[in-house]
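Here are my notes on the model, as numbered points. Have the coordinates open while you read.

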Amino acid sequence: MTTHTVACDRGPSDAIAASREGDTVRLIARQSGEFKLDVFLAPERAIEFARGILELAGDQVTAEVHALRVGDRVKITKYREWGASTFEGRTGRLLEIDSDSIPYRVQFDDSDDSTDWEWATEVRRIPDVTTTSPDPAESQRESFVARAKELLDGTTHGGSDVVRMAAFLAGE
């Protein structure tokens, strides 16, 4: 098991260690060499935390790569500074970024109503499933395999026969 440890600059016997434990990332804090704290994070939360540390440390490349932009697909992680809300966890498109304490205006995915949006304190970018398109070559291969199965239907054939027929149809 790989463990990443960093010693404190002010007290070398103070340290934080991170390791993978099952489906979580475990952070352990030690002070004067003694165990003080255990924190278990889901991988996506650990990634978010690590990115935050990189930004705090002045890693501009990381900050720019992960900077939110209008049009990004996001998940609301914090609705307001006070208390939780049913808006937390909802996903949508980032419509606007403002400079105040509630900077993110999010249009929700699960609504057809263009007025169904909300301002949020914190959001994180999530994969944009709507912009992914299949690889044309992969799609063409799939159609050759489907056609080969149709042509071989009713015959005694195996998987290798389907592959050979698909290759024939593709002109290979």
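**Notes on the predicted model**

1. Let's start at Leu27, which lies in strand β3 (strands are DSSP runs of E with at least two residues, helices runs of H or I with at least four, both numbered from the N terminus). This is a predicted model, where local features need pLDDT of at least 70 and side-chain atom pairs count only at pLDDT 80 or more, while totals for chains, interfaces and linings use all residues. Residues are numbered from 1 along each chain as its sequence is written, and side-chain values use heavy atoms, with hydrogens and water left out.

2. Leu27 is buried, at a relative accessible area of 18% (buried is under 20%, exposed over 50%, partly exposed in between, with a 1.4 Å probe and protein chains only). Setting aside neighbours within four places in sequence, Leu27 has contacts with Ala17, Ala18, Leu37, Asp38, Val39, Leu41 and Phe49 (contact being heavy atoms within 4.5 Å). Its C-alpha sits 9.4 Å from that of Ala46, 19 residues apart along the chain.

3. What is the volume of the second largest pocket? About 440 Å³. On a 1 Å grid over the protein atoms alone, a pocket is an open set of points where a 1.4 Å probe fits, with protein on both sides within 12 Å along at least five of seven lines; lining residues have an atom within 4 Å of a point. Points are joined across faces, edges and corners, and the volume is the space filled by probe spheres set on them.

4. Leu27 turns up again here: of the 20 lining residues, the closest to the centre of the second largest pocket are Ile16, Ala18, Leu27, Phe49 and Ile53. Two or more residues each come from β1 (3–7), β2 (15–21), β3 (24–31), β4 (34–41) and α1 (43–56), with α1 giving the most, five. By class, the lining has 15 nonpolar, four polar and one charged residues.

5. Ser32 deserves a look, with a positive phi of about 55° although it is not a glycine. Ser32 is in the loop between β3 and β4 and is exposed, with a relative accessible area of 53%.

6. The largest nonpolar core has eleven residues, among them Leu68, Val74, Tyr104 and Val123 (a core is a set of buried Ala, Val, Leu, Ile, Met, Phe, Trp, Tyr and Cys residues joined through side-chain atoms within 4.5 Å). Both β5 (73–78) and β7 (104–108) give two or more residues to this core, and β7 gives the most, with three. Not counting residues up to four places away in sequence, Leu68 touches Val74, Leu94, Ile97, Tyr104, Val123 and Arg125.

7. For the chain overall, there are four helices and nine strands, in the order β-β-β-β-α-α-β-β-β-β-β-α-α. Buried residues make up 22% of the 172 residues.

Technical notes. Nonpolar A, V, L, I, M, F, W, Y, C, P; charged D, E, K, R; others polar.
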